[in-house]
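Hi there,

Here is the structure I promised to pass on to you.

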Amino acid sequence: MTTAIRPATGARQQALVEGEFLFTNDDFLSIARMLYDDAGIALTESKASLVYSRLAKRLRALGLESFRDYCKFVGGSEGVGERQNMLAALTTNVTRYFREPHHFEHLKTRVLPELATRARARGRVRIWSAGCSTGQEPYSIALTLLDILPDAAQYDVRILATDIDPNVVATGRAGVYSDEAVQPVPTALRDRWMVRVKDGARDAWGAGEEMRRLVSFRELNLMGNWPMKGRFDAIFCRNVVIYFDEATQARIWARFGPLLNPGGRLYVGHSERVTDMARFETDGLTTYRLRDGVR
Ligand SMILES: C[S@@+](CC[C@H](N)C(=O)[O-])C[C@H]1O[C@@H](n2cnc3c(N)ncnc32)[C@H](O)[C@@H]1O
């Protein structure tokens, strides 16, 4: 846990955040502990108002009167489902198509040419989007791949897209995005690989058949077991570990190593750094390559 979460002192019933429901420091600590244990996310006290506003809706929906009752409920055996809702409410899912575009340029020019040759020779190609949120990241990988290997879906090429939050996984699987969300997608790629669909009454863009065939969405907690057996050629884990403490981040980097093929790449978010330089070498901006002879 980060040192920023201090044990409660004195006035235990004092409100940490003023509002409709009593929310004390003890309640905050209890929620922070559950989030850390379940997802590795380290909440600092500066997030107290955010926690209050995101969870107040849950209290209302459940007809509860205080955060103390809510903590008791989610901490007990009957609150297992609600604990999942709590987690979903507290994770940050911000994402967009071609976010941090230099990674997709690197993938296209430095990584995919060799992988395309391997795929055409009937070899296996795997890319993992770990912490994929609502799917824009794995679909951006798919579009980059289709751009240089238009028949990629015919080969043994797959993108695994995983996230802890079942709601965002479902959105990714549905693969329907507003015009605004699709704006960063180059028009030529959008028109070739995406399809016009309806989202309720509105026109929207849907991931086309080839994009869908390339991407498999699964629920997966990076803190838990990883059931994947085969290795990946690239892992995108961007803007996910920023919410973890340093020890947890280091454990994640160490677990990625054995899952990468020789020379495999690891892409991280703009404010994240891989510290395990015995295993990885820098290969561009927030881009790392598994060192030769290392697992
Ligand atoms: C800010 S989004 C980043 C999405 C995408 N990678 C990007 O850079 O645009 C962070 C995602 O990490 C997921 N996440 C947080 N903790 C996780 C964990 N322990 N295991 C798996 N996913 C997690 C969240 O649910 C969220 O969808």
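Predicted model: local features only at pLDDT ≥ 70, side-chain atom pairs only at ≥ 80, totals over all residues.

The chain has eleven helices and ten strands. Its radius of gyration is 21 Å, close to the 19 Å that the globule rule gives for 295 residues, so the chain is as compact as a globular protein of that length. Along the principal axes, the C-alpha atoms fill a box of roughly 65 × 55 × 30 Å. Buried residues account for 39% of the 295 residues. If you take the contacts between residues at least 6 apart in sequence, 70% of them join residues at least 24 apart.

On the α1 side, the contact is made by Met 34, Leu 35, Asp 38 and Ala 39, and on the α4 side by Arg 83, Leu 87 and Leu 90. Five of these contact residues are nonpolar, two are charged and none is polar.

Then move on to helix α7 (residues 166–174), where Val 168, Val 169 and Gly 172 are buried. Seen down the axis of α7, these buried residues fall within an arc of 105 degrees, so they line one face of the helix. Their cover includes α6 (136–148), β2 (157–163) and β6 (215–219). Just after α7, you will see Gly 175, which takes a positive phi of about 65 degrees.

Enjoy exploring!

Key:
Residues numbered from 1 in each chain as written. Contact = placed C-beta atoms within 7 Å. Helix = DSSP H or I, 4+ residues; strand = E, 2+ residues; numbered from the N terminus. Nonpolar A, V, L, I, M, F, W, Y, C, P; charged D, E, K, R; others polar. Rg over C-alpha atoms; globule rule 2.2 N^0.38 Å. Buried ≥ 20, exposed ≤ 12 C-beta atoms within 10 Å, placed from the backbone. Arc of directions from axis to C-beta.
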